[in-house]
Amino acid sequence: MKQALRLAAAALAALLPCTTPAHAQEKGAWRAASKTARSLTGDLAFSDIKIAINFASFPIAQIRALTPAEAVTLFHTDEASPGAGNLFRLSIPGDKKFLHKNTLCGSEETQWAVTWVEGRTLQLAFFSTATMPSLTPEALASNTTLCGTFTYVR
């Protein structure tokens, strides 16, 4: 009987991570790791409803989960590596200055963020397009609205 209870508890514990929201992997504080992240955004943090960049917060809304194929195309990840990410809608004004008086997308409003988390690494891309960005190889090859990609760690 005790063994059956232990087995049931272990099965339940294994299922609990599956019940968390899809964007939970981004949640929390991230330290700027790439050169572009260190020079432009600095550290950032995600909550359920906001992203904080250099002490300025902006509302975000999760639109959908990212596929591994999209992560490979956008971030050049290994498709076999476990990871998860999301497409977010947001609005960061084009004149909002961050580190060293830099903006995210030049003078354009930043309207989309794409994340991919593998272990303790977050990759993040920003887009300035009003329409949902297409994350196919063909679309990204000629994309003019990708503002940049950034890497963060925990």
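Author: A salt bridge is a side-chain nitrogen of Lys or Arg within 4 Å of a carboxyl oxygen of Asp or Glu. This predicted model holds two of them.

Reader: What makes D48 and K27 a salt bridge?

Author: Their side chains meet at 3.4 Å, N to O. The cut-off is 4 Å, so the pair qualifies.

Reader: Why say that the pair ties parts of the chain together?

Author: D48 sits in the loop between β2 (44–46) and β3 (50–53). K27 belongs to the loop between α1 (2–15) and β1 (28–32). The pair therefore links parts that are 21 residues apart in sequence.

Reader: Why is D48 called partly exposed? And why K27?

Author: Partly exposed covers what lies between the buried limit, under 20%, and the exposed limit, over 50%. D48 has a relative accessible area of 43%, and K27 has 39%. Both values fall in that range, so both residues are partly exposed.

Reader: What makes R64 and E70 a salt bridge?

Author: The closest N and O atoms are 2.8 Å apart. That is within 4 Å, so the name applies.

Reader: Why do R64 and E70 carry separate burial labels?

Author: R64 has a relative accessible area of 27% and is partly exposed. E70 has 13%. Buried means under 20%, so E70 is buried.

Reader: Which residues of α3 are buried?

Author: In α3 (68–75), these are E70, A71, T73, L74 and F75.

Reader: How do you know that they line one face of the helix?

Author: Look down the axis of α3. The buried residues fall within an arc of 165 degrees, so they line one face.

Reader: What do the buried residues of α3 pack against?

Author: They pack against β4 (56–65), β6, β7 (121–127), α4 (137–141) and β8 (146–153). After α3 comes H76, with a positive phi near 60 degrees.

Reader: Why is T103 called buried?

Author: T103 has a relative accessible area of 17%. The limit is under 20%, so T103 counts as buried. Its place is in the loop between β5 (86–92) and β6 (110–118).

Reader: What makes the pairing of T103 and G106 a polar contact?

Author: A polar atom of the T103 side chain lies 2.7 Å from the backbone oxygen of G106.

Reader: What else is T103 in contact with?

Author: Leaving aside neighbours within four places in sequence, T103 contacts L40, G94, D95, K96 and K97.

Reader: Which residues have the most contacts inside the largest nonpolar core?

Author: L44, F46, I53, L104, L124, F126 and Y152. That core has 24 residues. Another core lies apart from it, with 12 residues, among them L66, A71, L87 and L140.

Reader: What does L124 touch?

Author: Not counting residues up to four places away in sequence, its contacts include L44, F46, F75, A113, F150 and Y152.

Reader: How many helices and strands does the chain have?

Author: Four helices and eight strands. Along the sequence they follow the pattern α-β-α-β-β-β-α-β-β-β-α-β.

Reader: What share of the chain counts as buried?

Author: Of its 154 residues, 37%. The accessible surface comes to about 8600 Å², and 60% of it belongs to carbon and sulfur atoms.

Terms used
Residues are numbered from 1 along each chain as its sequence is written. This is a predicted model: local features need pLDDT of at least 70, side-chain atom pairs count only at pLDDT 80 or more; totals for chains, interfaces and linings use all residues. Side-chain values use heavy atoms; hydrogens and water are left out. Helices (H or I, at least four residues) and strands (E, at least two) are DSSP runs, numbered from the N terminus. Buried means under 20% relative accessible area, exposed over 50%, partly exposed in between (1.4 Å probe, protein chains only). A polar contact is a pair of N or O atoms within 3.5 Å; within protein, one must be able to donate a hydrogen and the other to accept it, and residues adjacent in sequence count only if both atoms are side-chain atoms. Contact means heavy atoms within 4.5 Å. A nonpolar core is a set of buried Ala, Val, Leu, Ile, Met, Phe, Trp, Tyr and Cys residues joined through side-chain atoms within 4.5 Å. The arc is that of the directions from the helix axis to the C-beta atoms. Accessible areas come from the Shrake-Rupley method with a 1.4 Å probe; for residues, only the protein chains shown count as cover.
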